[in-house]
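Could you walk me through this model in the viewer, one selection at a time? I would like to know what to pick next and what is there.

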Amino acid sequence: MTSQILNYSDEDFKQLANKIIEDGSVVLHEQNLTRAQHVEVCERIGECEKQGYWMNPKDTPEISIVSGQVDEDGNAIGMFRDQELEWHVNGAGRHKLTEYVVSLYCVEECVDTVLSICNWSHMFADLSEEDKDYYRSIDVHLDGKGVSLWPNSTYRGREGEFNVSNEYYKEAIQDDDKRPLVGVHPIDGKEYLYFLIQYLKEAYIGNKQLDIKEFYADLYPKVFRSKYMKHVVFRKGDILFMDQVKTIHRRSPITYMDRMLWRTAFDYSHIKF
Amino acid sequence: MTTHILNFSDEQINELAKEVVSTGHVILHDQHGLTQQQYVEVCNRIGNCEYYNYFMNPKDHPEISLVSGQKDDEGKAIGVFGNTELQWHANGTARHKFDEICVTLYCVVECIDTVLSVCNQCDAFAGLSEADKKRFRTIDIQLDNKKDAIYKNTDEDGHDLPEKTINTGKEFYKEDVDRRPLVGKHPNDGREYLYFMVPYIVGAFENGERINHEALYEELWEKLFKSKYMIHHVFRVGDLLFMDQLHTIHRRSAVKNLDRLLWRCAFDYSNIDFT
């Protein structure tokens, strides 16, 4: 009998959170959760982000429905719909965020759809000391303008699918704001290389701007290597936790449109590390 | 720095094979640049490779089968399996006895939307109740490839295979039995596994008496195909996967990039010291 996360002790949750951070992701199988219980479980770890979009159930606004289903008018009932999703993370395009964890709980499965997770903390750890120092010297500017999560499709999301503006997130950042390419995880202090493709529009060493095409050509093959990846095909009852600072993820297209996941994003504030 | 399999010592090859048996599969990354000749040599360090003379076997390396969605100028598949979803299966299709219990797949051209799922039927058996274990040990199954059921979830009729297709059947394989135990014992580690060869089961016998194999099928499906017994892999160029064909069973989602190309070999463990 698989342990049910609903029965986890505080110590179990602490171990789970540590494993999410250490490995970048954790999958638990054969879980049996209602939406309220899914939120309850996540809040044992931290504070959940709440949104008021059409994909957030009114009674559990912490949850976003992720699905390929459409309603009678042809509108997506969940975020992301059925297309391939480009590599991305929660908080994409933001220079600061606190919801470091995303959970996905499978309600309806599609056995042909794969979520690939790439660990850019493990990738950074493998670099030579010379390369590490070089990348530590780089700052990047993120911008969501023109970004599409659907790289091989004309689909651009249901109207009003996302608020991505600086004002919305109260970041008060300016067009020339930057963040380090190499970050330090706030909990375990390990470094990670935040190569957030598409959103990463500019790169600098001091005041010198780097050629962005060369920058991408250098990093892409170093980051997206098979050995840093894990792959998940969601089955009913699977719950995945991913650290959004340590990892980036993509999804193949959905072939079974009823596939449905519940998604939450939250911080680690309820864990005493 | 990933160690290249070409540089493996005999001891490392031995340890690799033991790990394949013990965990059901092993993936090595960044094995770039293997030639077909080197690939066969690597496999032959573990055991004797099966070889054929089908359309998907390179003439100078008949141990290799091309696995691809590509088609030639006449619209015929250049490799085995085409581009459609593949039902759960293992090497030794519909055979009651076979020696080539290790399969490798080496990625030459990738499709990042195609996933290979591997289910460990040894772990699944270990996870059964004692009552189920006892009952399943009394069951024999009968296998047959005549329904071509590996493609049963698609509307495609024959994956556009050239004229000379794949030989199957007990005459070709010179089989002297018509059934095998549902629960097998691995010849190398002695652990029991549940041999639920999904597309090929055409009959079942409990204590020698024929039973409704369709009911057995439904029961086994529920008990075997659990997420906790599965791993999933998306091949990237240079990945080399080893799978034990008794301890595991695998399926594949449809191929989107039709240029995807894997090289496949099947072989025994005859060069490995398991003592």
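This is a predicted model: local features need pLDDT of at least 70, side-chain atom pairs count only at pLDDT 80 or more; totals for chains, interfaces and linings use all residues.

Start by selecting A:Tyr8, which is buried at a relative accessible area of 16%; buried means under 20% relative accessible area, exposed over 50%, and partly exposed in between, with a 1.4 Å probe and protein chains only. Residues are numbered from 1 along each chain as its sequence is written, chains are lettered from A and ligands numbered from 1 in the order in which they are written, and side-chain values use heavy atoms, with hydrogens and water left out.

**Aromatic rings**

Across all chains there are 26 aromatic pairs. Rings of Phe, Tyr and Trp (its six-membered ring) pair if their centres lie within 6.5 Å; planes under 30 degrees apart count as stacked, over 60 as edge-to-face, and the rest as tilted. The two residues you have selected are one such pair: the ring centres of A:Tyr8 and A:Phe13 are 5.5 Å apart and their planes meet at 65 degrees, so this is an edge-to-face pair.

Next, pick A:Phe195 and A:Phe224, whose ring centres lie 6.2 Å apart with planes at 45 degrees, so this pair is tilted. The pair links distant parts of the chain, 29 residues apart: A:Phe195 is in the loop between β9 (191–193) and β10 (200–205) of chain A, and A:Phe224 is in the loop between α5 (212–223) and β12 (229–232) of chain A. Helices (H or I, at least four residues) and strands (E, at least two) are DSSP runs, numbered from the N terminus. Both A:Phe195 and A:Phe224 are buried. Now extend the selection to A:Trp87, A:Phe215, A:Tyr216 and A:Tyr220, which form one aromatic cluster with A:Phe195 and A:Phe224.

**Charges over rings**

Which ring does A:Arg179 lie over? Select A:Tyr194: A:Arg179 lies over its face, at 4.1 Å from the ring centre. A charge sits over a ring if NZ of Lys or CZ of Arg is within 6 Å of the ring centre and within 35 degrees of the ring normal. Then switch to chain B, where B:Arg179 lies over the face of B:Phe205, at 3.7 Å from the ring centre.

**Positive phi**

Most residues other than glycine have a negative phi. Go to A:Gln198, in the loop between β9 and β10 of chain A, where phi is near 75 degrees, a positive value. A:Gln198 counts as partly exposed, at 25% relative accessibility. For another case, select B:Phe81, with phi near 85 degrees, in the loop between β2 (65–68) and β3 (86–89) of chain B. B:Phe81 is buried, with a relative accessible area of 16%.

**Cysteines**

B:Cys49 is buried, with a relative accessible area of 11%. Finish at B:Cys111, buried at 4%, whose sulfur is 9.5 Å from the closest cysteine sulfur, in B:Cys107, too far for a bond.

Notes:
A disulfide is a pair of cysteine sulfur atoms within 2.5 Å.
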